[in-house]
Amino acid sequence: MTTTIDLNCDVGEREDLALSVQESLMESITSASIACGAHAGDETLMRLSLRQALARGVTVGAHPGYPDRANFGRVDLEMPIADLEASIEGQVRVLASLASEVGVEVRYVKPHGALYNRAARSVELARAIARAVSRVNRDLAIVGLAGSPALDVWREAGMRCVAEAFADRRYEPDASLRARRHPDALLRNPEDAARQALRIAARHEVVAWDGSVVKMEAETLCIHGDTPGAVEISRSVRKRLEEAGVRVLPWQFRPGLG
């Protein structure tokens with residue numbers, strides 16, 4: 001097997017995790033999506049996360065979300081599209097500025113939570129994200145849900161985009177993520193997550209919650225830093241991938257990619 005895949009994790013969202021499990025997560029992942037202070041995190045956590053990524057040679061991305069800390073950015077927030085666009089731009093600029101201080105380059109932007117899911121089905125929001133990101137740096141890639149129309153929108157805008165699938169989330173038959181209100185939305189068992197990750201990377205498919213098989217072409221796999229047992233999940237996923245001959249590399253270092 002000669003396939004390659006990036007392994008990313010959402011970090012910088014909780015102080016207790018940043019000071020305990022993030023260091024261990026950095027040992028397994030190849031990309032870190034750092035919260036930018038809107039849905040979670042602050043400048044202290046951003047700096048810490050940036051330094052941890054730098055020490056481990058992990059690629060850094062910005063993880064902007066709805067400015068809604070009360071709901072952790074996981075609830076749709078109705079706000080004018082221009083205001084949301086400005087918020088996304090501002091969040092990415094803050095992380096980019098701190099990254100420059102630390103000596104790290106931000107390579108991509110990955111929307112968070114409800115913003116991510118809404119962008120996957122809203123052309124208007126996907127275009128707003130592209131405009132916000134391009135004003136910061138047109139060389140930044142945008143990470144989005146594999147198979148979603150958002151990827152086409154970003155490509156049409158001239159942006160590099162990265163298709164993402166999830167090792168620790170259950171899927172619907174239409175390739176969308178199963179809503180967190182369902183008790184089976186998260187894959188908490190490390191072996192289950194590792195099995196799903198390998199199937200996505202090697203067979204380009206995933207088994208939905210109802211047993212149906214869904215096509216899934218992904219360049220990066222996500223593990224959520226706040227999923228219970230995230231460290232064990234990340235280790236199990238990476239071990240299973242590498243034992244199967246899958247090369248785990250940052251997406252920008254994959255053969256033929258930018």
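Among the contacts in the chain with a separation of 6 or more, 72% are accounted for by residues 24 or more positions apart, where contact means heavy atoms within 4.5 Å. The model is a predicted one, in which local features need pLDDT of at least 70 and side-chain atom pairs count only at pLDDT 80 or more, while totals for chains, interfaces and linings use all residues. Residues are numbered from 1 along each chain as its sequence is written, and side-chain values use heavy atoms, with hydrogens and water left out.

The secondary structure of the chain comes to nine helices and 10 strands; these are DSSP runs numbered from the N terminus, helices being H or I over at least four residues and strands being E over at least two. The chain has a radius of gyration of 17 Å, close to the 18 Å that the globule rule gives for 258 residues, so it is as compact as a globular protein of that length. Here the radius is taken over C-alpha atoms, and the rule is 2.2 Å times the number of residues to the power 0.38. The C-alpha trace spans about 40 × 40 × 35 Å along its principal axes, and 57% of the 258 residues count as buried, a word that stands for under 20% relative accessible area, with exposed meaning over 50% and partly exposed in between (1.4 Å probe, protein chains only).

Helix α3 (residues 43-56) and helix α4 (residues 81-102) have axes that come within 10 Å and cross at roughly 50°; the axes are lines fitted to C-alpha atoms, for helices over the stretch in contact, and angles run from 0 to 180 degrees between N-to-C directions. That angle makes α3 oblique to α4, given that angles under 35 degrees count as roughly parallel, over 145 as roughly antiparallel, 65 to 115 as roughly perpendicular and the rest as oblique. The contact involves residues of α3 including Met 46, Leu 50 and Leu 54, and residues of α4 including Val 94, Leu 98 and Val 102. By class, the contact of α3 with α4 has eight nonpolar, no polar and four charged residues, with Ala, Val, Leu, Ile, Met, Phe, Trp, Tyr, Cys and Pro counted as nonpolar, Asp, Glu, Lys and Arg as charged, and the others, Gly among them, as polar.

Helix α6 (residues 123-136) and helix α7 (residues 149-156) cross at roughly 40°, their axes coming within 9 Å, and that makes α6 oblique to α7. Val 123, Ala 126, Arg 127, Ile 129 and Ala 130 of α6 make this contact with Ala 150, Val 153 and Trp 154 of α7, giving seven nonpolar, no polar and one charged residues.

Helix α8 (residues 190-203) packs with helix α9 (residues 230-243) at an angle of about 40°, with their axes 8 Å apart, which makes α8 oblique to α9. The residues of this contact divide into nine nonpolar, one polar and four charged.

Finally, Ser 176 has its place in the loop between β6 (161-166) and α8. Ser 176 is partly exposed, with a relative accessible area of 24%, and touches Leu 145 and Tyr 171, not counting residues up to four places away in sequence.
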